[in-house]
2 protein chains.
Amino acid sequence: MRSGAEKVCILSLISSSALDGALCYMPKSKFQPRRIDRREFIALGAAGISALAAPLAVARELGDGRRPYGERSPFEHAMRSFGTSSTPGSGSARTPLQDLWGTITPSSLHFERHHSGVPTIDPNAHELLLDGLVERPLVFTLKDLRRFPSVSRIHFVECAGNSGREHEGRPGETVQKSHGLLSNTEWTGVLLKTLLDEAGLKRAARWIVAEGSDASRLSRSLPLDKALDDVLVAYGQNGEPLRPEQGYPLRLIVPGWEGNVNIKWVDRMMVTHEAFMTRDEAASYTDLMPDGKARWFTFVMEAKSVITRPSGEQVLDGRGFYEISGLAWSGRGRIKRVEISTDNGKTWTDARLDSAALPKAATRFSLPWKWEGGEAALQSRCTDETGYVQPTREQLISVRGLHPGPDGFNHFNGIKTWFVHNDGKVSHV
Amino acid sequence: MRSGAEKVCILSLISSSALDGALCYMPKSKFQPRRIDRREFIALGAAGISALAAPLAVARELGDGRRPYGERSPFEHAMRSFGTSSTPGSGSARTPLQDLWGTITPSSLHFERHHSGVPTIDPNAHELLLDGLVERPLVFTLKDLRRFPSVSRIHFVECAGNSGREHEGRPGETVQKSHGLLSNTEWTGVLLKTLLDEAGLKRAARWIVAEGSDASRLSRSLPLDKALDDVLVAYGQNGEPLRPEQGYPLRLIVPGWEGNVNIKWVDRMMVTHEAFMTRDEAASYTDLMPDGKARWFTFVMEAKSVITRPSGEQVLDGRGFYEISGLAWSGRGRIKRVEISTDNGKTWTDARLDSAALPKAATRFSLPWKWEGGEAALQSRCTDETGYVQPTREQLISVRGLHPGPDGFNHFNGIKTWFVHNDGKVSHV
């Protein structure tokens, strides 16, 4: 950029004060920033206006104009990746976790999973029917719902099948492939409890069935306790109306529970006495156990974490300092602790939890790390506020066995390992 | 949608239990949802599969396919609005606060303000020079910066001139026009302190000047205390790389301080002994006082709130229940309290703070309200954790007078009033 500036690598960098107490990882390391050669350095006095006006400018012409609705830089290309499916309209698109910062998933990159494609719905024609064991069956338009008291909460949504192939022993080469059916956004809507209070529950009411208006009419039963707790009928996501593939204009958000109960394009909810045993909860989305029986209604996504950087197919660009960073989440509440191992689980060090650890939301963790150039096996292990500790794959298999259910393995939350090779390449194990 | 269903307005709705303790506002009200006529209602047993399979489906065909990078529904049109400017390349585009939910501003709708348009910068060619009163002048590439320990924090950014016309007595007709130079996103980057530690501060260091790489080379001085506190050199926004109009690929984020010190497209920072008195802080961005002198370096954006719904040019669709909702933020820390008046400030009721009130971040507040059909003057008033209470316009004018500075009034944070007319139309006052 600035011609003539000879730049010299600095060997000393990363002073310990910068690194928030993770001292074990912090010897002076070879690092990337470069010192400006003394001959090129303009020695500035206390405050020399002329020096600031020195010819450092990149742009010399006016830039582009304003835009009513912005787009990302043409230099950026992160995108969702498609899984394969032999059923028309059925499939998933995974979030590129390796390319993301912080905790909020941009709506454009939130994972997709649907059974009959993405319907185009006119919000002015969309209505929600609430019937069954209620005193007053009701129909709500979008306009109606937006007049009710609203709440906004950051929550993860995770597909039950996320990282199921890890269970199977066919791990994903990248974190997008292995864990990309997990995203985290701010949802806005009406508490389902508010609508149930309007309708008035009959005595026999115990469950509620929600049904989507796409061609597959995916339907799931929820126990009423959960429906009256924190379930949202959501119309907003990250400040905007929901995106089409997230259920526009209306989606059930069931915090902490498997993705497929977060019914998209929802247009009917019926209060019932028993679970409905719909196709999507009797045939699919069950967990086959070693004795040949299947667990039904395993709703909660248990505590889980994964390192997103460095992760599979990334390359460490020389020895020295790196930040190990990733996401942790729990369907039972807040993440309390994340530990990181660089030696395949022999020793563990507490990571820093970066953002406010919100309940049933993804939390960013990080740990400074100096790579000496040898092999390393990176793992993360989280603990949630209930004290539950993320298990190993071996521990999970000892309970659940190795026989996949009708749609593969669901609810795998084992520890993921990324292997750093001598040459800096990172691969799955 | 569902033909033949006669729908009857319900007069009873909004039960008190739904409304989180704001009982004064909660008599049984006329509301929008409609009861399904008994003749049309399919009386369902406790759990009848056939009933669920009744012909309610909207979509009967497969929907659209997956997309690598999603877009919003074709039915949604919220957009930034452009202010006028006679200087080429200079101008602003305001966030449509009236159309947004929750607290996160989608990056596509984050307000813009620039002096020479939006430069197109190749991130691989962009470097940050850190020099001046440091032991080791350094140049950082993007790749370098991304190896440093990162932090992710949700912060508002507000233009100093936001709502300046309220001060002047020319209030905005909509909340987008009056307060749309305020947005709130998650920023990810390196603490500036980390970089200063790398470079090593010389004894005389007291200030730091940051300069943008756009054609205007907007430059601002920051006291070192702030630089060493919570200032970020940010490369991420809402999970993605920064958007071009937000400073791609690198922006200074100075939490809680006026927008223009959050230098976009930053490519140089120089440590100095004194403030630089750049054009952008000596001629512009000062506050003219009644005695003809100007206040310099009025960095902090004081506590402020505004009702976004109902707001100017919206129309209340008949008497009954509404939610009054808006945003509050403070450059000094967390929002502790928001009060709402519907009678032009005579009486006040505490609003509910919806999301976790994060420091120097926008917080959503809301209050259930029953509109009886008469005139109402809606106001919000916030208090931050320092005990500072948002003032009235009159209080501000008594101190600052009515003479605009070179670029109008900056730092206006007075209470905003929306007037509800008998016919339900909402206008500014």
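This is a predicted model: local features need pLDDT of at least 70, side-chain atom pairs count only at pLDDT 80 or more; totals for chains, interfaces and linings use all residues.

Reader: Is helix α5 of chain B enclosed by the rest of the structure or open, and why?

Author: Helices (H or I, at least four residues) and strands (E, at least two) are DSSP runs, numbered from the N terminus. Buried means under 20% relative accessible area, exposed over 50%, partly exposed in between (1.4 Å probe, protein chains only). The buried residues of α5(B) include B:Leu192, B:Leu195 and B:Ala199. Seven of the eight residues in 192-199 are buried, so α5 of chain B is largely enclosed.

Reader: Which residue follows α5(B), and what is its phi?

Author: The residue after α5(B) is B:Gly200. Its phi is positive, near 80°.

Reader: How many bridges join β19(B) to strand β23 of chain B?

Author: Two strands pair if DSSP finds at least two bridges between them. In β19(B), 10 of its 10 residues are buried. B:Ile324 has B:Leu367 in β23(B) as its bridge partner. The two strands run antiparallel, and the bridges between them number nine.

Reader: How far apart in sequence are the parts tied together by B:Phe156 and B:Trp329?

Author: Rings of Phe, Tyr and Trp (its six-membered ring) pair if their centres lie within 6.5 Å; planes under 30 degrees apart count as stacked, over 60 as edge-to-face and the rest as tilted. B:Phe156 and B:Trp329 form a tilted pair, 6.4 Å centre to centre with 55° between the planes. B:Phe156 is buried at 2% relative accessibility, and B:Trp329 is buried at 0%. B:Phe156 lies in β8 and B:Trp329 in β19 of chain B, so the pair ties together parts whose separation in sequence is 173 residues.

Reader: What is the angle between the ring planes of A:Phe140 and A:Phe148?

Author: Over all chains, the structure holds 13 aromatic pairs. A:Phe140 and A:Phe148 form an edge-to-face pair, 5.9 Å centre to centre, and the angle between their planes is 70°.

Reader: Which ring does the charged end of A:Arg147 sit over?

Author: A charge sits over a ring if NZ of Lys or CZ of Arg is within 6 Å of the ring centre and within 35 degrees of the ring normal. The charged end of B:Arg147 sits 3.8 Å from the ring centre of A:Tyr322. For A:Arg147, also at 3.8 Å, the ring is that of B:Tyr322.

Reader: Where does B:Lys416 lie, and which residue meets it in a salt bridge?

Author: A salt bridge is a side-chain nitrogen of Lys or Arg within 4 Å of a carboxyl oxygen of Asp or Glu. B:Lys416 lies in the loop between α8 and β25 of chain B, and its partner in helix α3, so the pair ties together parts 250 residues apart in sequence. B:Lys416 is buried at 4% relative accessibility. At 2.9 Å, N to O, the partner is B:Glu166.

Reader: Are A:Arg80 and A:Glu112 buried or exposed?

Author: A:Arg80 forms a salt bridge with A:Glu112, with the closest N and O atoms 3.2 Å apart. A:Arg80 lies in a loop and A:Glu112 in strand β5 of chain A, so the pair ties together parts 32 residues apart in sequence. Both residues are buried.

Reader: Which side chain joins A:Arg364 in a polar contact of 3.0 Å?

Author: A polar contact is a pair of N or O atoms within 3.5 Å; within protein, one must be able to donate a hydrogen and the other to accept it, and residues adjacent in sequence count only if both atoms are side-chain atoms. A:Arg364 lies in strand β23 of chain A and is buried at 4% relative accessible area. A polar atom of its side chain lies 2.9 Å from the backbone oxygen of A:Gly102. The side chain at 3.0 Å is that of A:Ser325.

Note on methods. Residues are numbered from 1 along each chain as its sequence is written. Chains are lettered from A and ligands numbered from 1 in the order in which they are written. Side-chain values use heavy atoms; hydrogens and water are left out.
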